[in-house]
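Please read the following report alongside the sequence and the model.

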Amino acid sequence: MRQLLLALLAKEPAHGYELKQALESIFGSAYPSPNIGQIYVTLGRLEKDGYVRSVDVEQANRPNKKVYYITAAGRESLENWVEEPTEGPRVRDEFFMKLVLAPMTGLSDRMALINRQRRHYLSLMRDLNELAEAADPDNRVALLLIEGAMLHLQADLDWLERCQEELP
Amino acid sequence: MTATPVVRAVNLVKIYQSGRGLPVPAVRGVDLTVEPGEFVAIMGPSGSGKSTLIHLLGGLDTRTSGEIWLDGQRADTLSESGWAVLRREKVGFVFQFFNLVANMTVADNVELPALLAGASPRHARERREYLLGALGLTDRAAAAPAQLSGGEQQRVALARALANQPRLLLADEPTGNLDSRNTRDVLRLLGEVHRQGQTIVLVTHDARVAGLADRVVCLLDGQIVDDGAIVKRRRRPGGTAGDVVELHGR
């Protein structure tokens, strides 16, 4: 959540509810809609860490609203997030978010992200090949786990290829 | 590295003519240098020009423009028979559709390239026995290609391509017709010959095959969009379930 909010704020300053709406409209109904309280808690932590700052904006007949903007430290943290390869199948969605969000912020283009991720997957596959070769041929659990990881990686690579074909 | 590259392609272009006479560019300005002992995996979506590229490198299709050098020799200007000689001497090729000689046994199919290249019958036989053994095909040696399954034919094609210990092994989807057990044999053999110094350039969708390579070249619309090393991340002995889990950072 932290990096998602930072990415959105790197695009433009926003208040909490706008961030919630942005996440919903970018990722659509497939994305579990974030709880507004959770967004404010996350923003509070980001502010405490110095990654965002806020200004109070007066509103007529309503309480002031806080508009958040990203700091240099926040941008650096976001840059690290965008640049580091994304681990494993469970966080595949995180890679997809990078793929969708990073180009909007001008931090990276999709081709570079996809190429970096492909190399990362292939180096994981290289490790798995070595593990498979070194594994006890009678240890079915280990071999199946390796094979499962390989199949996940195969799917990830096929899907990267689809992204490369379909996304501008 | 100062050694002569095994492959050097310079601004390689292939344009086909469509049925209606329109030019269809399949390979658009590819530069590729492969050093001795390198293992390069060529990846990319269907229609990205992978197969065309590897066919050009093996002289099975003629380039529209650009240069191809194999082992220091200019190859793109060769006649068809010149290519045939060059291939016999330097290149092993595994096709997507095998191309085995139908009226020869498996054993003869595998020995033929070595004999044509001037190996002694005994040397050719020993090499054939080693390769068929490594691919689990020893008991199919006397069979005719038509008696084999697709997966078996594909493995025979790999054995044939390696019979000669060629300067360069080219392969187009070498595991495309294999189940996972047979794929394992092919992976093991590719890894083994690579460790012995075999230069390999292959087209593959199979991540397990690509994971053996030192380098990945990715094509999109006939152009190289990525070319880089596949870095070994960590080395650990054993091979327990725990390693895999840790690898994925769960």
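Chain B exposes about 11,000 Å², and carbon and sulfur atoms supply 49% of that area, where accessible areas come from the Shrake-Rupley method with a 1.4 Å probe and, for residues, only the protein chains shown count as cover. The accessible surface of chain A comes to about 8,800 Å², of which 50% belongs to carbon and sulfur atoms.

This is a predicted model, in which local features need pLDDT of at least 70 and side-chain atom pairs count only at pLDDT 80 or more, while totals for chains, interfaces and linings use all residues. Residues are numbered from 1 along each chain as its sequence is written, chains are lettered from A and ligands numbered from 1 in the order in which they are written, and side-chain values use heavy atoms, with hydrogens and water left out.

The secondary structure of chain B comes to eight helices and ten strands, these being DSSP runs numbered from the N terminus (helices H or I, at least four residues; strands E, at least two). The radius of gyration of chain B is 19 Å, close to the 18 Å that the globule rule gives for 250 residues, so chain B is as compact as a globular protein of that length; the radius is taken over C-alpha atoms, and the rule is 2.2 Å times the number of residues to the power 0.38.

Chain A comes to seven helices and two strands, which follow the pattern α-α-α-β-β-α-α-α-α along the sequence. With a radius of gyration of 20 Å, well over the 15 Å that the globule rule gives for 168 residues, chain A is more spread out than a compact globule.

| Chain | Span of C-alpha trace along principal axes |
|---|---|
| Chain A | about 75 × 30 × 30 Å |
| Chain B | about 55 × 50 × 40 Å |

In chain B, strand E1 (residues 7–17) runs antiparallel to strand E2 (residues 23–34), and nine bridges join them; two strands pair if DSSP finds at least two bridges between them. Val13(B) has Arg28(B) as its bridge partner in E2(B). E1(B) and E2(B) form a hairpin with five residues between them, and Gly21(B) in the turn has a positive phi of about 80 degrees. E1(B) is also joined by five bridges to the antiparallel strand E4 (residues 65–70) of chain B, where Val10(B) stands opposite Glu67(B).
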